[in-house]
Amino acid sequence: MDNKILKGWENVLTRMATDISAVSFDLWLKPLEVIDLKDGAIILAAPSVVTKSQVLKNFKDALLNAITAEFDNVIGFELFTPEEKEEYLKYNKPFEEEIQQAATQNTLDNFNPKYTFDNFVVGKSNQFVYTACRAVAENPAMRFNPLFIYGGVGLGKTHLLHAIGNYIKNNLKDKKIVYVTCENFINDYVYALKFNSSNDTIITNFREKYRNVDVLMVDDVQFISEKRALQEEFFHTFNDLYQKNKQIIISSDRPPREISALEDRLKSRFASGLIQDIQKPDLETRIAILEKKAAIENYNIEKDAIKFIAERVDTNIREMEGFLSKVIFFSSLLGKTLATVDDAQEALKNYLETNKESLSTDRIINVVCGYFNVTKDDLIGKKKTKEIVTARQICVYLITEMMDLPLTTIGEIFGGRDHTTIIHSRDKIEEMVKNKTSVSVAVNDLKAMLE
Ligand code: ADP
Ligand code: MG
C-alpha cells in the first residue's frame, strides 16, 4: 500500500478522533482499513457488516468531510463489508499494483514480428523514409535525430517504427528502446498528474520511463495538440533525450507545421532533425505489397486478382490488405484453393459499388480547389477574399454532407478552426443552396464530380 495514502488516512482518523467519543472511535473507526484509491474515491473495508452499517449510519458525513479535506483529489469514499472487499479485490488491482502497472503498461518493447524491414516493400513513394528508418535503426542517434515521419492513414508509419524496434532488439541488444502511441503517452501523463499530489514518485517514475532510454518512439504525435501541459512535458522529455544524445523517432499523419496548436519551440525541435514524408504508393508498389502479404499469410491468389484489388485502392494499404483478406475468405467459402479475379469482383462488389472508399477529404478539397481555381493553402488558410471564403465554406459544407466526420476533425483539416466555425459555414451554405442559384449550381456540379 502506498505510504502517502496511509499517512493521509491516519490524518483523517485524527480529524475524526477530535469529534467523537474515544469508545466509539475505537469500536467503529479504528478498525477500518484503506484498500484502494480509485476514480477519485477512497475505498475502505470494515471488519464486519455491523461495523459498516454503524459507520454509515453515524459517521457518514463527518467521514466524508474529513476525507475530502485531507485528500486533494478525492471526492468520496466507499465502504465495503468483508465479502464486498473480497469481491472487489477479485476484479481490481490494489493501488500499489496500479502504480506499477502505470509504469509499464502503456509502452511497448514487444514489437509486431510481422512488421520488419524485410516485410516492407520499398517503392518510389517510401524509399526515402525507408532509408532514413534503416539508418536510424542501424546507428541510433548518429544521423537523423529526431526523425519525424509523416503520411496518411495506413501508409506504413507504424510498420516502420516496429521495424526499427525489431531491428534494434535483434541487433543492438544493449539499447533500451521504448515505443508509445501519443494517446498512451497522454493517458500515462494524465494518470501521473492525477496521483502526483498523493504520491510524487509517480511523476518521477513517469519521467524515468521516458527519459531513461536510448531510443524513444512516439507514434501518431498529432494528438499532442490537444494538451498544452503535455506539450510542455514532451518538450522537456525531448530536450533531455536530445542532450544525452539519444534517438527520438516520431510519426504523425501530417507535417509539424500542420499540427494545429503545436508550440513553435516543438516545431523547431522537430525541424532540427529530418522530416520525411511517406507518399501514396503507386500501382506497382501496391501490387508488390499485396504479393508480399499473400506470401507471408500463405494465401493462394491469382496475379490478376491481386492487380484487381491494387487498382481499386490507392490511399490506404491497411484497407487494401483488408480487401485481400475478404477475397481470400470469399474464395475459401466456395471451397476454392486459388482465388480468382471473379472471386475478387464478387467479394468486393458491395464495397466498390458505393464508391465510399474513394471519397476522402483530400479528394473533396482537391476537386473544390480545381473547380474554383484556388490553391489548397488558400482554401484551408486564413485569406478572407470573397471567392476564397465561398470556396472554403462550400468545401466544408460538402465534407459535412458527404462524409461522416466529427466537426472538430473537419476544423483540424481547415487549419485548426473551431467546430463552431465549421457549423457556421455548413449552415450558411445550406441556406444559400436554397436561395442562391450560383451556389446551388456549384454544389450540384461538385457533388456530381465527386460521386
Ligand atoms: P500507418 O501507421 O501509417 O497508419 P501501418 O503501419 O499501420 O500504417 O500500415 C498499415 C498496413 O499496411 C500494415 O499492415 C502494414 O504492414 C502495411 N503496409 C504499409 N506499407 C507497407 C509497405 N510498404 N510494405 C508492406 N506492408 C505495408
Ligand atoms: Mg499507425
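1. A residue is called buried when its relative accessible area is under 20%, exposed when over 50%, and partly exposed in between (1.4 Å probe, protein chains only). By this criterion, 46% of the 451 residues of the chain are buried.

2. The model is predicted: local features need pLDDT of at least 70, side-chain atom pairs count only at pLDDT 80 or more, and totals for chains, interfaces and linings use all residues. Residues are numbered from 1 along each chain as its sequence is written, chains are lettered from A and ligands numbered from 1 in the order in which they are written, and side-chain values use heavy atoms, leaving out hydrogens and water.

3. The mean pLDDT (the predictor's confidence in each residue, from 0 to 100) is 87, and 93% of residues reach 70 or more. Residues 100-105 fall below 50, and this stretch has 6 contacts beyond near neighbours in sequence, a contact being heavy atoms within 4.5 Å. Where pLDDT is low, the predicted coordinates should not be read in detail.

4. The chain has 21 helices and 8 strands, taken as DSSP runs (helices H or I, at least four residues; strands E, at least two) numbered from the N terminus. Its radius of gyration is 29 Å, well over the 22 Å of the globule rule for 451 residues, so the chain is more spread out than a compact globule; the radius is taken over C-alpha atoms, and the rule is 2.2 Å times the number of residues to the power 0.38.

5. An open sheet of 5 strands shows parallel pairing in the order β5-β6-β7-β4-β8, where pairing requires at least two DSSP bridges. The edge strands are β5 (177-181) and β8 (274-277).
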